[in-house]
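My notes are below the view.

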Amino acid sequence: MKYFSTRNSKLNKTFDEIIIEGLAPDGGLYMPKSWPKIDIEKIIDDKNISYSKLASTIIKNYVGGTISESELESIAEKSYKNFTHKKIAPLKKISDNKYILELFYGPTFAFKDYPLQIVGNLFQYYLKKKQKKITVIGATSGDTGSAAIDACKDKDNINIFILHPYNKTSEIQRKQMTTINSKNVFNIAIDGTFDDCQNIVKSLFISNDLKKITTLSAVNSINWARIISQSVYFFWAYLQCGVYNKKINFIVPTGNFGNVYAAHISGIMGLPINKLYVATNSNDIMHRTLENGDMSIKKVKSTISPSMDIQISSNFERQLFESLNYSSSSLTSLMNSFIKNKKITLDKNVLKNLKLYYKSKCVDDILTSETIKEFYDNYEYISDPHTATSLNILNEISNKDINISLACAHPSKFPKSINDSIGVLPAQPRALEEMMNIDEKFIRLKNDMDLVKDYIIKNI
């Protein structure tokens with residue numbers, strides 16, 4: 001398996017190169033040059049297959065000869081052994097043909113743990129093999145940062161710097177990052193939005209000053225290893241529902257487009273997906289883009305689902321690359337126009353291609369809160385506000401397909417929103433309870449790439 005960049009189709013990289021680099025030198029995102037097919041029937045026939053075994057079965061198609069099957073299986077098993085549910089990612093039936101896939105049984109109680117635990121261990125494997133050290137840089141709107149820090153903390157060959165927007169994550173999300181007392185972990189609060197943090201990270205990746213003294217890597221969903229690791233739980237959901245004569249729809253809360261794109265590639269690999277429903281909050285750029293081709297940046301709004309408070313969905317570049325028949329020149333021209341003008345209108349043929357796979361809806365705070373209450377009243381189910389955006393769509397769907405909504409975070413991470421919606425505080429896991437009394441450690445910086453760069457250089 002070889003990889004090229006969305007902005008340079010002439011590249012010919014191996015998996016061990018692209019996992020460590022994260023972002024391509026040209027600013028594009030890495031993608032495989034061909035799509036493997038997963039033998040669904042073989043997986044279904046294996047009645048004893050575990051989540052970790054499924055993960056290694058899927059991921060092995062993307063690693064080429066860079067790691068042996070037995071080593072990959074061992075890493076996958078290690079990555080998920082401390083998850084707190086025996087099914088790792090259990091599927092909960094709500095009503096006929098309607099399910100919720102719960103993705104909050106990892107160490108930081110959010111779906112980001114599922115890819116990042118294995119990515120962190122893969123980092124360790126390849127770095128040890130190459131005898132290298134790296135500097136991991138990431139931006140987070142909430143859960144990515146804590147999951148990345150947990151996956152990379154205390155690793156001798158990694159320093160990790162995570163940027164988050166100051167006062168624009170939940171208190172619990174912030175403390176999950178800033179209470180980690182590890183010498184290789186650095187938290188930076190930026191006076192700005194998540195998009196500002198993400199733009200700084202992208203600029204840092206092409207900074208010659210940093211490249212001279214360290215190897216940079218990314219752990220957020222611009223790293224291809226994240227996407228393939230996330231694809232695992234879509235196959236896992238299909239296996240659990242046990243209905244193999246129907247098509248399947250997934251409803252995915254969406255910010256950076258990584259999770260729903262992982263669902264999309266699952267369909268390319270052979271999962272019988274009919275449609276993917278993209279749920280946004282009031283920051284609805286992806287809904288507008290998929291609905292009528294209006295990919296224009298508006299002011300970021302603060303909502304009760306802060307991890308989705310995003311206006312630039314980085315992973316959508318991968319989908320555009322695909323929809324443009326993998327033409328890196330067309331993609332580069334389109335993205336340059338978007339960056340310059342803060343808006344583009346998608347060609348009707350590109351939009352037609354997108355509609356083959358995606359539907360979308362904007363679910364604002366009022367609808368989100370109403371949905372939290374409705375699912376609590378009707379099913380005694382408490383969802384976090386991000387999950388509620390997808391449950392709103394699940395509630396509306398009427399078809400004979402299998403419909404699965406993704407539950408992306410433990411509701412206790414957003415106690416105020418839950419309490420405001422249903423008058424009940426969700427039970428808090430002991431780990432989160434204990435964390436609230438630990439001192440925080442972070443630095444606050446202005447929205448300035450040079451300030452962040454200087455801080456990183458000083459600390460590596």
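These entries cover the ground rules, then salt bridges, then a surface patch.

I am working with a predicted model, where local features need pLDDT of at least 70 and side-chain atom pairs count only at pLDDT 80 or more, while totals for chains, interfaces and linings use all residues. Residues are numbered from 1 along each chain as its sequence is written, and side-chain values use heavy atoms, with hydrogens and water left out.

I searched the whole structure and got 16 salt bridges (a side-chain nitrogen of Lys or Arg within 4 Å of a carboxyl oxygen of Asp or Glu).

I looked up Lys453 and found a salt bridge to Asp209, with the closest N and O atoms 2.6 Å apart. Lys453 sits in helix H20 and Asp209 in helix H9 (residues 208-211), so this pair ties together parts 244 residues apart in sequence. My helices (H or I, at least four residues) and strands (E, at least two) are DSSP runs, numbered from the N terminus. Shared partners join Asp209, Asp450 and Lys453 into one salt-bridge network. Lys453 is buried at 10% relative accessible area, whereas Asp209 is partly exposed at 37% (buried is under 20%, exposed over 50%, partly exposed in between; 1.4 Å probe, protein chains only).

Next I checked Asp191, which forms a salt bridge with Arg444, closest N and O atoms 2.8 Å apart. Asp191 is in the loop between strand E8 (185-190) and helix H8 (194-205), and Arg444 is in strand E16 (residues 443-445), 253 residues away.

Back on helix H20 (residues 449-459), I noted Ile457. Ile457 is partly exposed, with 33% relative accessibility.
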